[in-house]
Amino acid sequence: MSSAIKARHINPWALPSVTLDRRQMLPQSPGVYFALAGTEILYIGKSGKSIKNRWAAHHRLADLSCVREVRISWIEAWPTCDISKLERDLITLFSPVLNDGPVFNCPQNTESRPRVKGPRSWDTY
């Protein structure tokens, strides 16, 4: 029996999470993370060493800072977990809008949101 976690069994909204402005509270462990806004998954990524350190200067930080109420949820990896495969499987399953698109730079003090191509709710999958 495989001990690999299946992407379809992960509910990003049921995982531990913090708001974007409290990202310093993320764990110092490897894992896969989700940037969530309401019922949308905006971005999925991974860190092989430290989720917290990855978010200290994340390349999507500016993009996500202009979206209201972003949360980062995560699932910590264990030594036998192939986080690269898990990340790819999750991106394929959820199709987050910022994983496919270029970095966008929102003007300061706006309520802009990235345009979503389709439903991203857990209930959809």
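## A buried tyrosine

Y33 is buried, with a relative accessible area of 0%. Buried here means under 20% relative accessible area, exposed means over 50%, and partly exposed lies in between (1.4 Å probe, protein chains only). The model is predicted: local features need pLDDT of at least 70, side-chain atom pairs count only at pLDDT 80 or more, and totals for chains, interfaces and linings use all residues. Residues are numbered from 1 along each chain as its sequence is written, and side-chain values use heavy atoms, with hydrogens and water left out.

## Aromatic pairs

How many aromatic pairs does a search of the whole structure find? The search finds 2. Y33 and Y43 form a stacked pair, at 6.5 Å centre to centre and 25° between the planes. Rings of Phe, Tyr and Trp (its six-membered ring) pair if their centres lie within 6.5 Å; planes under 30 degrees apart count as stacked, over 60 as edge-to-face and the rest as tilted. Y33 lies in strand 2 (residues 31-37) and Y43 in strand 3 (residues 40-47), so the pair ties together parts 10 residues apart in sequence. Helices (H or I, at least four residues) and strands (E, at least two) are DSSP runs, numbered from the N terminus. Y43 has 9% relative accessibility and counts as buried.

Y33 also pairs with W55. Their ring centres are 5.4 Å apart and their planes stand at 70°, so this pair is edge-to-face. W55 lies in helix 1 (residues 51-56) and Y33 in strand 2, so the pair ties together parts 22 residues apart in sequence. Both Y33 and W55 are buried. Y33, Y43 and W55 form one aromatic cluster.

4 strands form an open sheet in the order 1-4-2-3, with antiparallel pairing. Strand 1 and strand 3 are the edge strands, and each pairs on one side only. Neighbouring strands are turned by 25° against each other on average, direction ignored. Axes are lines fitted to C-alpha atoms, for helices over the stretch in contact, and angles run from 0 to 180 degrees between N-to-C directions. Two strands pair if DSSP finds at least two bridges between them.

Strand 2 and strand 3 pair in the antiparallel sense over 7 bridges. A37 stands opposite E40 in strand 3. The two strands form a hairpin with 2 residues between them, and G38 in the turn has a positive phi of about 65°. Strand 3 is mostly covered: 7 of its 8 residues are buried. Elsewhere in the sheet, strand 1 and strand 4 (residues 70-76) pair in the antiparallel sense over 3 bridges. S17 stands opposite S73 in strand 4. Helix 3 (residues 83-94) lies across strand 2 and strand 3, running at about 170° to strand 3.

K46 lies in strand 3. Is K46 buried or partly exposed? K46 is partly exposed, with a relative accessible area of 29%. Leaving aside neighbours within four places in sequence, K46 is in contact with G31, V32, Y33, R54, I83, S84 and E87. Contact means heavy atoms within 4.5 Å. The side chains of K46 and E87 are joined by a polar contact of 3.3 Å. A polar contact is a pair of N or O atoms within 3.5 Å; within protein, one must be able to donate a hydrogen and the other to accept it, and residues adjacent in sequence count only if both atoms are side-chain atoms. K46 and R88 are 42 residues apart along the chain, and their C-alpha atoms are separated by 9.6 Å.

S29 sits in the loop between strand 1 (17-19) and strand 2. S29 counts as buried, at 14% relative accessibility. Which side chain does S29 join by a polar contact of 2.7 Å? The partner is E76. Not counting residues up to four places away in sequence, S29 touches K49, S50, I51 and E76.

## Positive phi in loops

Most residues other than glycine have a negative phi. E69 has a positive phi, near 55°. E69 lies in the loop between helix 2 (61-65) and strand 4. At 68% relative accessibility, E69 counts as exposed.

S95 has a positive phi too, near 50°. Its place is in the loop between helix 3 and helix 4 (97-100). S95 counts as partly exposed, at 32% relative accessibility.
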